[in-house]
Amino acid sequence: MSRTKKLTARPVAPDALYNSELVAKFINCLMKRGKKTVAQSIVYGALDQLAEKKKEQALKLFESAIETVRPHIEIRSRRVGGANYQVPMPVSGRRQNALAFRWILAAAKARKGRGMRDKLAAELGDILEGV
């Protein structure tokens, strides 16, 4: 039994443009040094580019890209009788989103050239195309 009380997750306010908690969490994940307006302009610009290119609603495209990247099972290490085994385990919903955000942002940052807005739009576009 632990000595500290169980922590509860604070609710995240939905973003202003799309009224979506998922987009708000993605913006918070991209944000550096508290510069939220910079992160918002990058994400909104990337989603606008993507919507213009694909001729669909930006929010639907973003949600389908996140759903594509989201992991459902991950390998975890379990210690049984002095030996470590790699055991597949289901991933919780919050962790699925956190991993998907982290992977998308890392892949976008690793792209060459251009600004972050263009790199993020290109990465989301590649995810939707299945590349």
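Predicted model: local features only at pLDDT ≥ 70, side-chain atom pairs only at ≥ 80, totals over all residues.
Residues are numbered from 1 along each chain as its sequence is written, and side-chain values use heavy atoms, with hydrogens and water left out.

**The whole chain**

Start with everything selected. The C-alpha trace spans about 55 × 35 × 25 Å along its principal axes. Colour by secondary structure and you will find five helices and two strands, in the order α-α-α-β-β-α-α along the sequence. Here helices (H or I, at least four residues) and strands (E, at least two) are DSSP runs, numbered from the N terminus. Of the 131 residues, 34% count as buried, meaning under 20% relative accessible area, with exposed being over 50% and partly exposed in between (1.4 Å probe, protein chains only).

**H1 against H2**

Next, select residues 21–30 for helix H1 and 36–54 for helix H2. They pack at an angle of about 120° with their axes 9 Å apart; axes are lines fitted to C-alpha atoms, for helices over the stretch in contact, and angles run from 0 to 180 degrees between N-to-C directions. The pair is therefore oblique, since angles under 35 degrees count as roughly parallel, over 145 as roughly antiparallel, 65 to 115 as roughly perpendicular and the rest as oblique.

Now show side chains. From H1, Val23, Phe26, Ile27, Asn28 and Leu30 make the contact (heavy atoms within 4.5 Å). H2 brings Lys36, Ala39, Gln40, Ile42, Val43 and Tyr44.

**Gln96 in H4**

Move on to Gln96, in helix H4. Is this residue buried or exposed? Gln96 counts as buried, because its relative accessibility is 12%. Leaving aside neighbours within four places in sequence, Gln96 is in contact with Arg70, Pro71, His72 and Val91.

**Last stop: Gly115**

Finally, pick Gly115, in the loop between helix H4 (93–110) and helix H5 (116–129). At 36% relative accessibility, Gly115 counts as partly exposed. Draw a C-alpha to C-alpha distance from Gly115 to Lys60: they lie 24 Å apart in space and 55 residues apart in sequence.
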